[in-house]
Each structure stands twice: as C-alpha cells, then as structure tokens.
Amino acid sequence: MRAFYHPDQANHDPQQFMRYGRVVPAKDLPARTDALLGALRAMGIAPEAPTHDYAAARLDIHTAGFLTFLETAWDRWATLTDHGPEVWPNTFPYWSGRPEDRARPDCPAESIVAHSGWYLGDMSAALGPKSWPSIRESCNTAVAAADALIATATSRPKPQAASPVYALCRPSGHHARADRASGFCFVNNTAVAAQRLRTAFKRVAILDVDAHHGDGTQQIFYSRADVLTISIHADPKNYYPFFTGYAGETGYGEGEGFNLNLPLAHGSTGGAMMTAVDMACERIQQFGADALVVALGFDAHARDPIGVLKLEAADFDPIGRRVRALALPTLVVQEGGYAIDVLGECLTEFFGA
C-alpha cells in the first residue's frame, strides 16, 4: 500500500478555538500527524511526499477569491495594528444560500477583517503564519495520492486489483465548502481528490465516516450525479455542524438522489456504525461506482475530546473489511480524530483489514 504525506503539513499550529463561549486550546494539533506516521512506520509503509503544487486541482473545487484569501490572509493580517496571533473572524455576514449556486460571489469589501468573516465560517478555523503551506501541502498530498491510484488502477486489466492509497491529510478538509473554511478545515482535500479521480473514472463515490457531517463535501457535489456523497456521522441536532447532515438532504437538480446522510444517535457504538456502513455500501453498489474515496475520521472513537460516538479502535477493522469487499480502486483521505493516543491504533485496525 502506498501512502502520501508532506512534512510541511505539521507546521499549521492553531492556538485558539472557541468552544461553548470560551477560548480554549486548539484540538487539531501537529502531534496528530506524528501518531499517524508512527502507525505507518509500524506497518512498514514509508509515505511519499507530493512533488508538485496542484493549484489547478484546487481551482476545480474552490473559488479563486477564497484560495487567494487563504494564501494571503496572514500577511494582510500582520499589517493590522495590535493584531492577534491568528486570523480570526469577529463578524459573520448573513447569506441566503441557494443550492443552485455553486458558491457566493467574492467578498465585496476590501478589509482583511471583512474577508476573514466572509471566508472563515466559524471560530474553529484560525489561520496562523504557517497555515497556508500546511493547507497547500495537505491538498497536494490528496492529489498526489489520487494520481497514484489512477496510475495503478488503470494500468491493470481489472481496476479492482489495485491496492488502496492513503493520503495523510492535515489540516482536514470535509467541512470546507467551495468558498468557505470551517471546522478545522480549509481546502476540501476529499472533494479535490474525488474530482481528480473523475478524470479517469466515470462514477466516483465518497464514503465519509467521521463523527461530524461532511457538510463541505455535500455542498460541493450536491447538484451532481457523477459523484455520490454518503456521510455517516453523529446526529447534528445537538452537534456540529448543526445545520446540515439530516436524512432529508438528498441532492438538488441533477444531483437529486445522489447524497445520502446516515446520522447516528449520540452514544452509538460499533454495531450502529456497521449497520450504517452496510447501508452505505449497498448504495455504492447500486450507484455503480468505478472508484471510491473514503473520508476517514477517527473522532468517532469513544475517547475523542470533542466526540459523541462510542466506537473503539477495533471497530475500524470491520469498516475496513466492508470497504475491501466493495473491490473498488480506493483512496483513503484522512479527516478528523483528536484523541492522539488512539489514532495510530485506529489506523492500524482499518488498514489491517
């Protein structure tokens, strides 16, 4: 199995996070990558670093204005008098979103303060001086992994014979929308990778297994029939991202019927998760997927500091077995997971299967 990772991804080191009205230490710590890299080493897998900057691939998913903001935000922020340690919004403009619109127009104001409120969707997406290189290389990692899967899968008589490829992405991506960052996520690595796979495969399915709904991924593909999006996550009625992730969200226009949300009751264990995974796999087979992206989050673990599900590391073994049984060219993109001491075990269980 091949894996991809760039060392610059560890440089993003957020300092603050708003939780229940308090500024608390951030949860997306660089040590997350250390734990996952350690698990790869134990499995005898040496990750490869991406060798290109795939700027065009990011533009296939995100607006130019949003990407320019991410790249330039810190330098602009640093010109403010008495600025804080990170780009952090203090205003969130109302926008009457319409599913038929791919994205909002670019921010009409010029101020970096206005831009931070327009392009950062909440107070869990702080940008520091080293954030952009990490964000960029996290996405490059996903694209390089997608290209590796394409090269391997399309060179064989039977594409399903290809081994899975793993993209160790940090920062994560599935909360990032076409024009907005949120939930520790800036560029949607999963969506960029899925779009990259579409250059070689007619139908691509995304299976998002994470404590949180993949709201950004849903928004990006919501009007499309060529990419099936499935998210298994904790019920959002009382959990982030709150406003999306409900069973009634099934797609729009041409995408009607190609989005499936499977929310789980808080406190759900491996049994409930596997019931949902079985439903998801059945839908993927009905869709006739030619390739699969697994957006894999470990914040469903019972010990996650911001999680509400109760999976154990061993529960990721049967998830891996179901994915393997689909017999599809498979790209695994790392999403959440903040209980650092269990991340390696979770990854080992999944890939061991």
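**Figure 1. Packing of helix α3 in a predicted model.** The buried residues of α3 pack against α2 (55-59), α4 (112-119) and α5 (131-153); contact means heavy atoms within 4.5 Å. The structure is a predicted model, in which local features need pLDDT of at least 70, side-chain atom pairs count only at pLDDT 80 or more, and totals for chains, interfaces and linings use all residues. Residues are numbered from 1 along each chain as its sequence is written, and side-chain values use heavy atoms, with hydrogens and water left out. Helices (H or I, at least four residues) and strands (E, at least two) are DSSP runs, numbered from the N terminus. The buried residues of α3 are Gly-65, Phe-66, Leu-67, Phe-69, Leu-70, Ala-73, Trp-74 and Trp-77. Buried means under 20% relative accessible area, exposed over 50%, and partly exposed in between (1.4 Å probe, protein chains only). An α-helix has 3.6 residues a turn, so residues three or four places apart point the same way.

Figure 2. Helix α3 covers residues 64-77, which makes 14 residues. From first C-alpha to last it reaches 19 Å, close to the 20 Å expected at 1.5 Å a residue; the expected span is 1.5 Å times one less than the number of residues. A kink of about 45 degrees is centred on Glu-71. The bend at a residue is the angle between axes fitted to the seven residues ending there and the seven starting there.

**Figure 3. Strand β5 and its neighbours.** Strand β5 (residues 204-209) is largely enclosed by the rest of the structure, because 6 of its 6 residues are buried. Val-204, Ile-206 and Asp-208 lie on one side, and Ala-205, Leu-207 and Val-209 on the other. β5 runs parallel to strand β6 (residues 227-234), joined to it by 6 bridges, and Leu-207 stands opposite Ile-230 in β6. β5 also pairs in the parallel sense with strand β8 (residues 291-296), over 6 bridges; here the bridge partner of Ile-206 is Val-293. Two strands pair if DSSP finds at least two bridges between them. Together with helix α7 (residues 215-221), β5 and β6 make a right-handed β-α-β unit. Right-handed means that, with the strands pointing away from the viewer, the path from the first strand over the helix to the second runs clockwise.

**Figure 4. Surroundings of His-174.** His-174 is found in the loop between β4 (165-167) and α6 (189-197). It counts as buried because its relative accessibility is 2%. Not counting residues up to four places away in sequence, His-174 touches several residues, including Asp-208, Asp-210, His-212, His-213 and Glu-335. Its side chain makes a polar contact with the side chain of His-175 (3.4 Å). A polar contact is a pair of N or O atoms within 3.5 Å; within protein, one must be able to donate a hydrogen and the other to accept it, and residues adjacent in sequence count only if both atoms are side-chain atoms.

**Figure 5. Backbone features in loops.** A cis peptide bond joins Arg-170 and Pro-171, with omega about 5 degrees; Pro-171 is in the loop between β4 and α6. Another cis peptide bond joins Tyr-240 and Pro-241, with omega about 10 degrees. Pro-241 is in the loop between β6 and β7 (259-264). Although not a glycine, Tyr-20 has a positive phi of about 55 degrees; Tyr-20 counts as exposed at 72% relative accessibility.
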